[in-house]
Amino acid sequence: FMLTDVGDKGNGIVLNNPPGSPGCVVFSCYVGTNLTGSEVGIGNAASGILILGANNRVGDPIIGPMVVSGNGFNGISLIGGGAKLNQIVSTYIGVTKTGLASLGNTGAGVYIVEGSFNNDVGLPSSGNIISANLTHGVYINTSNQNRITDNYIGLGGDGTTTLGNGKSGVAIFTAGSNNELRGYNVISGNGTNGVLFTGAGVTGN
């Protein structure tokens with residue numbers, strides 16, 4: 001399933017399920033590119049996927065990777081206190097379907113802000129490729145208790161091809177506390193820092 005350049009020039013997919021409702025599962029999609037997972041210039045103008053609700057999952061480790069690349073803002077944005085208990089797994093963010101060539105989102109690969117908490121970016125043996133995005137790989141600001149696990153950040157799917165994000169691999173900014181890097185993240189080849197902690201209230205990470 002392909003989602004590109006939607007009519008309102010906005011986000012490709014918006015997950016805004018109300019509190020207490022079951023979450024959604026999004027998989028086998030090409031968000032911001034075509035079915036070959038490589039065409040440029042057809043991305044959504046805003047984020048590929050915008051998550052405002054809870055208990056959603058992007059990607060499926062059994063079915064195989066989906067692609068969220070080439071979008072005009074972030075690959076995947078989690079915004080606000082309602083965006084909690086979400087999982088992002090087995091997803092190629094900022095690269096092509098092969099996982100070995102760049103198709104960066106203009107902003108961050110994964111963008112977690114404004115109180116979004118208790119989300120998983122990758123799970124054991126079900127991590128993501130988050131590479132070749134124009135700013136940060138993973139950006140966290142004023143958001144707590146999020147986990148980053150078993151991802152390639154700044155590399156291709158072979159673990160050796162350099163596809164650095166333009167700024168830091170992982171950046172945790174003001175009032176981002178108790179966020180964790182877990183497992184076997186490989187963070188390399190990024191434009192500035194591998195991992196950056198900065199700003200007031202960045203504690204317990």
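Is A175 buried, exposed or partly exposed? I looked this up first: A175 counts as partly exposed, at 32% relative accessibility. My scale for this: buried is under 20% relative accessible area, exposed is over 50%, and partly exposed lies in between (1.4 Å probe, protein chains only).

**Ground rules**

I am working from a predicted model, where local features need pLDDT of at least 70, side-chain atom pairs count only at pLDDT 80 or more, and totals for chains, interfaces and linings use all residues. Residues are numbered from 1 along each chain as its sequence is written, and side-chain values use heavy atoms, with hydrogens and water left out.

**Confidence**

I checked pLDDT, the predictor's confidence in each residue on a scale from 0 to 100. The chain has a mean pLDDT of 93, and 96% of its residues reach 70 or more. Residues 1-8 have pLDDT below 50, yet this stretch has 24 contacts in the model beyond near neighbours in sequence. Contact here means heavy atoms within 4.5 Å. I keep a reminder for myself: where pLDDT is low, the predicted coordinates should not be read in detail.

I went back to A175 and found it in the loop between β17 and β18 (180-182). Strands are DSSP runs (E, at least two residues), numbered from the N terminus. The phi of A175 is near 60 degrees, a positive value in a residue other than glycine. N178 is found in the loop between β17 and β18 too, and its phi is near 55 degrees, again positive in a non-glycine residue. I noted N178 as partly exposed, with a relative accessible area of 39%.

**Nonpolar cores**

Next I looked for nonpolar cores, meaning sets of buried Ala, Val, Leu, Ile, Met, Phe, Trp, Tyr and Cys residues joined through side-chain atoms within 4.5 Å. The largest holds 26 residues, and I49, M66, I76, L78, V110 and V138 touch the most other members. Strands that each supply at least two residues of this core include β5 (49-51), β8 (76-79), β11 (110-113) and β14 (138-141). A second, separate core has 7 residues, including V67, V95, A132 and L163.

I then followed I49. Leaving aside neighbours within four places in sequence, its contacts include I13, L15, V31, M66 and I76.

**Strand pairing**

Two strands pair if DSSP finds at least two bridges between them. I found β5 and β8 paired in the parallel sense over 3 bridges, with I49 opposite I76 in β8. β8 also pairs with β11 in the parallel sense, over 4 bridges, and L78 has I112 in β11 as its bridge partner.

I also traced an open sheet of 6 strands in the order β3-β6-β9-β12-β15-β18, with parallel pairing. Its edge strands are β3 (25-26) and β18, each pairing on one side only. Within the sheet, 2 bridges join β6 (57-58) to β9 (87-88), and V58 stands opposite I88 in β9.

**Aromatic rings**

Rings of Phe, Tyr and Trp (its six-membered ring) pair if their centres lie within 6.5 Å; planes under 30 degrees apart count as stacked, over 60 as edge-to-face and the rest as tilted. By this rule I count 3 aromatic pairs. Y111 and Y139 are stacked, at 5.2 Å centre to centre and 10 degrees between the planes. Y111 lies in β11 and Y139 in β14, so this pair ties together parts that are 28 residues apart in sequence. Y139 is buried, with a relative accessible area of 15%.
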